[in-house]
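Let's walk through how to read aromatic pairs and a charged patch, one question at a time.

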Amino acid sequence: MSLLPQLRYPTVSQLVASARALAAHRPALCTLREVGVSRAGRPLHLLSVGRAGRAVLVVAGAHANEPTGGSTLLALAERVLHERELRGDTSWHFLLCADPDGASLHVTPAPRSLLDYHLGFFRPAAEEQPEWSPSVLPPDRLPPETLALTRVIDELRPYLQVTLHGTDLGGSWVQLTKDIPGLAEPFAKSAAELHIPVETGASDAAGWSASGPGVHVMPSPGAGAAYPSMPDDARQSTWYRTHLYGGLTAVVEVPMWASDLVDDPAPHPAPAAAIRRLARRLLRDGLEVERVLRDAQPRLEGVEGPLLRAAQWALDLVPGLAADWMHTPPADNTMAYVGSVDAFGRRLPLRAAAMLLRVLQETDDRAAPRLERLVAAWSNAFAERFRARWVPLEHQVEHQSRTVVLAARHARDRAA
């Protein structure tokens, strides 16, 4: 596996400082303002470049464990400042971090391996995620980060919202709430130039139509879900808020570690049997983490917080998802799709174990060493199985930036 020990992702405070410097350097074009506060009182900042009425909104930091978006956002803001053609009759707006509380808990600024990444892992439960909370909570219980994001969308009425996401290991793909004709070909070309695989069978987009390799269009409201047990529905997320104003959302995913196993369009010889095996492994791994949690629970009385809630939430997803894989025909029969499901099945219990481990370490619990060995073994097996190779940060950022610019250009043509 390629390593990059000197890798650094910006913290939220570094993002704000950089945005403030840009705004001070070009005050005629740039403004930086607070648009809300988090549950813990941390400010949410919006950097705007240009004054035109037509708007593009770029959101970073919706998931704390996907740090590339902050670096991409800064690169995009500088590019928009320097390239007059990108501004034209369009203003660009950058939400620096949608979940600053979550960002404060994901503490792997310089991962050298998947194990490093997981030892500092945090991803909140769905109801605490700014973009996803509307899919699982009633309107009167939405967190302030979600309300701030929806206010920004309502104010700007963007023809395009781009939300910068990522994956720990796999390939790059795009999820669209409406198709953007012409995006797929240059997206694939960019990925190829930077040696990033395209995740052609992304399990996140199981059953969706594709306008080209790795470019997936979300189903319309009322369509059946590929995984019926999953509690959240993208069609209820903030991604669809732009539709109130004739716009659309693009979710741009880029990997930290790449694997060619998710970019193989060849038919799998027995996809249903393979996915049933993955379901059984998912159940086994989930139960192993559950046993550690049950053993530790009497000693964790009175302990609560986002790490423990998130670990339990991830474990609660396991039985239903395994049942979906057992009893629902595969949404795709390619090697890429089975590989993506394999990665998803490893990821869920590993993340639960990693977050629970942090809780046990903080309480100096006797079960921590056992769980630490498990997290190490699973992280290393994940990397080995998928022949993980590091994607240089500059390549992650360049591909994600290119895709945002491409989406903006093609979505503008679509709206014209």
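**Reading ring pairs and a surface patch**

Trp-257 and Trp-390 are both buried, and this is a predicted model.

Q: How many aromatic pairs does a search of the whole structure find?

A: Seven aromatic pairs turn up when the whole structure is searched.

Q: What makes the pair of Trp-132 and Trp-239 edge-to-face?

A: Planes over 60 degrees apart count as edge-to-face. Here the planes of Trp-132 and Trp-239 sit at 65°, with ring centres 5.2 Å apart, so the pair is edge-to-face. Trp-132 is in the loop between α5 and α6, and Trp-239 is in the loop between β8 and β9, so the pair ties together parts 107 residues apart in sequence. Both Trp-132 and Trp-239 are buried.

Q: And how do the rings of Trp-257 and Trp-390 sit?

A: Their centres are 4.8 Å apart and their planes are at 70°, so Trp-257 and Trp-390 are edge-to-face. Trp-257 belongs to strand β9 and Trp-390 to strand β10, so this pair ties together parts that are 133 residues apart in sequence. Ring pairs also link Trp-257 and Trp-390 with Tyr-117 and Phe-121 into a cluster.

Q: Which residues gather in the patch of positive charge on the surface?

A: Look for Arg-291, Arg-294, Arg-370 and Arg-373. Helices α8 and α11 are the elements that give two or more residues to the positive patch.

Conventions. Residues numbered from 1 in each chain as written. Predicted model: local features only at pLDDT ≥ 70, side-chain atom pairs only at ≥ 80, totals over all residues. Heavy atoms only, no water. Patch = residues over 30% accessible without salt bridge, like charges linked within 9 Å, V, L, I, M, F, W, Y side chains within 5 Å. Areas by Shrake-Rupley, 256 points an atom, 1.4 Å probe, with all protein chains shown as cover. Salt bridge = Lys/Arg side-chain N within 4 Å of Asp/Glu carboxyl O. Lys, Arg positive; Asp, Glu negative; His and termini not counted. Charge placed at Lys NZ, Arg CZ, Asp CG, Glu CD. Helix = DSSP H or I, 4+ residues; strand = E, 2+ residues; numbered from the N terminus. Phe/Tyr/Trp six-rings, centres within 6.5 Å; stacked < 30°, edge-to-face > 60°. Buried < 20%, exposed > 50% of the residue type's maximum accessible area, 1.4 Å probe, protein only.
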